[in-house]
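User: I have a model open and want to go through parts of it. Can you take my questions as they come?

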Amino acid sequence: MSFMIEMLWSDRLVFLLLAAGIAATWYVRKREHLLLPWRRVAQSSVALVSLLVLTLFVVVGLLDSMHYRTALPEQSKGVAVYSPEVLSVFDKLVEPLRMYKEKTYSAPFALTLYAKESMSDAAGNIVRDYPRLQYGGAHLNDVSERDADVAKRALIGALAGLLAGGLLVWLARRWMSQRAVSVTILAMTTLIGAIASLAAEYHVLGTDKVGQDVLYLSLKSIRTGLIIGTVTTLVTLPLALFFGLAAGYFRGWVDDVIQYIYTVLSSIPSVLLIAAAVLMMQVTIDTHPEWFDTTASRADLRLVFLCLILGVTSWTGLCRLLRGETLKLREMEYIQAAQSFGVSSMRILSRHILPNVMHIVLIALVMDFSALVLAEAVLSYVGVGVDPSMISFGTMINAARLEMAREPMVWWALVSAFGFMLVLVLAANLFADAVRDAFDPRLNRTEADS
Amino acid sequence: MIEYLIRRILYAVPILIGVNLLTFALFFVVNTPDDMARMQLGIKRVTPEAIDKWKQQRGYDKPMLINSEAGGASTFTDTIFWGKSASMFVFDFGYSDDDRSISHEISTRMGPSLAIALPTFLVGLVVYVSFALLMTLFRATALDMAGVALCVLLMSISGLFYIIGGQFLVSKLWHLVPISGYAGGAESFKFVVLPIVIGVVGGIGSSSRWYRTIFLEEIGKDYVRTARAKGLSELRVLFTHVLKNAMIPILTGVVVVIPLLFMGSLLTESFFGIPGLGSYTIDAINAQDFGVVRAMVFLGSVLYIAGLIFTDISYTIVDPRVRLT
């Protein structure tokens, strides 16, 4: 079956970021003085473990960022027609999860739907009972067989995962300096193995209102969260660096103008500013439906715009920090020496000041990431987040929240969304702390004092 | 001091003008009133007459900045900018889409917002600072490590979870207080207590950790060593000496949010059905009532700037060395 690669805007930005990340790694790798703080990060087992968890999330997110559209069987005038449904490599990998749709809610590992329905039994009488699921546990005859089957499958999957993990650790034994890292890899592969083997036959985390597998939804949400957390920095960074360095270095009227701009922006409560900007974006998108050929591309453009808006409203904090640091640095002797040698301002800024503020930038970026992931859920709840058709933690929570009042409660979608978000944000927070400890010179000193 | 305050208030004027121009640009230039009318009336099958009627009802049928047809002063006053944006400087916010005076709504809704936000703020401040001081007291021990780990865990949990989880546990499972709603007077207690508790718990993680960093920075200073050398107990050193000296960084982060308490909290109010300004804003966002959103943006920045001025005044109260000139 032929297909067409579909590069959504957010995909391009993701791969741009990936390329920038690889380039930065390459650059740092050759320079011992830049490598030093990273070595300090690598000494902390907490940092390495959380980095491993984050890597797993990033791999899922990257696989989910490679989109394509398959060709429809019929052709129009000899030209292939492509399906309006945009799929990703990740969708293909977990195809059963995506395809096995039930009718409506079902609990984790359930064999039957959540609600009773009228059915006719073998004798033709109408009975009200819980109908069997179309896919979840369809290979079993009766509920009584389920527990043994679940245990068997979980065990087989876990063993396979453990073996694969063991092989991986053995192959990479040169780099396994810390036991915590090997243990985490083993734990992760075991868990993935068990879940993968179970997910083939059951809905491990249940299904949602339209019968979609919740595990699939949670995994798809990862990409949205990661994009909000990272692409936003593409906007924040240039603005904060340019304005912060300019204000601190040139002082005078440049400083006044820049300070005015960021005071105006930061004096508006951020949720309101974001809400106002998103509302306006919505008007533009809704009045120009002709811009988009698929629903996915519309939802995607909205996501990119959301990142843009988040970036424009959140660069002021970093800008203020950078301005302060530049004000301090420009009085240092080596800068004054450069000035008296007649080095141009541009060169002083890029060669002498920029490298010396990079630690602030890096710390701010890793610290902001988790806040942005959490903000996405809140904004989607307020109604100014991602497009309702886009799968994200926010839309999941929003949909599940309305079902809290049901009896018995539909808890699984909420718990899954919050659980995945907690793991992602906790790993990001722990990693950010380690980065800050390693890069912040001020922090090291105060800790030595106390 | 008076002179300083007057100057600060005058400084605020250009910033508010900036805010005003920014919201004007956002709401009227990025999308013309025609776009907004089309959006509100449904994208397809909108007649030009319907758009004109919509604009006329809301006063959007005037020129943007300069009305060349009207003579004299009304060249500038009979425009959208003057009527919708500049008028906010005298707190004339106009009418919402359901024809109620926005100023009146704001004044009646401030009360319920404050009933939640003020206790949350005060109780929260006491709890966070005490928790942080306790962690500082046991610094570099297993207890401190556990405290910090707890903080990191708490701050990694989504704020929505605290609200949904709290409502489920306290209201649905234990039936202690109603799930949502609001009543005036003494009745209000049972409605506000859960939002307040949830608000305080939700902030413990990030706030206590932040205060702990501040206290740890103070504790390495000379006066602390002197106090200890005098034979004061560690508790006394922390709760009087260190706390007092850490006031400046604490006030920097705290005082600025006090005026913003009037705005209420978007999430808490909408989940608990509190008729405050937060839920007003959320309803306006969902109904795409641009007039209300514009008013709230302007009000928010006025309160923020007031908070900055209060911060400066508070410095002089806690630290006599600070003079405002």
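User: Is Met358(A) buried or exposed, and why?
Analyst: Met358(A) has 12 C-beta neighbours inside 10 Å, so Met358(A) counts as exposed. The cut-offs: a residue is buried with 20 or more other C-beta atoms within 10 Å of its own, exposed with 12 or fewer, and partly exposed in between, with C-beta atoms placed from the backbone. This is a predicted model, in which local features need pLDDT of at least 70, side-chain atom pairs count only at pLDDT 80 or more, and totals for chains, interfaces and linings use all residues. Residues are numbered from 1 along each chain as its sequence is written, while chains are lettered from A and ligands numbered from 1 in the order in which they are written.

User: Which helix is Met358(A) in?
Analyst: Met358(A) is in helix H14 of chain A. Helices (H or I, at least four residues) and strands (E, at least two) are DSSP runs, numbered from the N terminus.

User: And how far apart in space are Met358(A) and Ser416(A)?
Analyst: The C-alpha atoms of Met358(A) and Ser416(A) are 37 Å apart, with 58 residues of separation in sequence.

User: Back up a bit. How many helices and strands does chain A have?
Analyst: Chain A has 17 helices and six strands. The C-alpha trace of chain A spans about 100 × 55 × 50 Å along its principal axes. Of the 450 residues in chain A, 38% are buried.

User: What about contacts between residues at least 24 apart in chain A?
Analyst: Such pairs account for 71% of the contacts in chain A between residues at least 6 apart in sequence. A contact here is two residues whose C-beta atoms, placed from the backbone, lie within 7 Å.

User: Helix packing next. At what angle do H8(A) and H11(A) pack?
Analyst: H8(A), residues 214-250, and H11(A), residues 295-314, pack at about 50 degrees, with their axes 8 Å apart. Axes are lines fitted to C-alpha atoms, for helices over the stretch in contact, and angles run from 0 to 180 degrees between N-to-C directions. H8(A) and H11(A) are therefore oblique to each other. For that term, angles under 35 degrees count as roughly parallel, over 145 as roughly antiparallel, 65 to 115 as roughly perpendicular and the rest as oblique.

User: What handedness does the crossing of H8(A) and H11(A) have?
Analyst: The crossing of H8(A) and H11(A) is right-handed. A crossing is right-handed if the near helix is turned clockwise from the far one by less than a right angle, and left-handed if anticlockwise.

User: Which residues meet there?
Analyst: On H8(A) they include Thr224(A), Ile227(A), Ile228(A) and Val231(A), and on H11(A) they include Leu303(A), Leu306(A), Cys307(A) and Gly311(A). By class, the contact of H8(A) with H11(A) has 10 nonpolar, five polar and no charged residues. Ala, Val, Leu, Ile, Met, Phe, Trp, Tyr, Cys and Pro count as nonpolar, Asp, Glu, Lys and Arg as charged, and the others, Gly among them, as polar.

User: And H6(A) with H7(A), how do their axes cross?
Analyst: The axes of H6(A), residues 146-171, and H7(A), residues 179-199, cross at roughly 145 degrees and come within 6 Å. That crossing of H6(A) and H7(A) is right-handed. The contact of H6(A) with H7(A) has 15 nonpolar, nine polar and one charged residues.

User: Which residues of H15(A) are buried?
Analyst: In H15(A), residues 393-401, they are Phe393(A), Gly394(A), Thr395(A), Met396(A), Ile397(A) and Ala400(A). The buried residues of H15(A) pack against H8, H14 and H16 of chain A, together with H8 of chain B.

User: Different topic. How do S5(A) and S6(A) run?
Analyst: S5(A), residues 117-120, and S6(A), residues 126-129, run antiparallel and are joined by four bridges. Strands pair if DSSP finds at least two bridges between them. Ser120(A) has Ile126(A) as its bridge partner, and Met119(A) stands opposite Val127(A). S5(A) and S6(A) form a hairpin with five residues between them, and Gly124(A) in the turn has a positive phi of about 95 degrees.

User: Last one. How many residues does each chain give to the contact between chain A and chain B?
Analyst: Chain B gives 46 residues and chain A gives 41. On the side of chain B that touches chain A, the largest share, eight residues, comes from H15(B). The residues of that side divide into 31 nonpolar, 11 polar and four charged.
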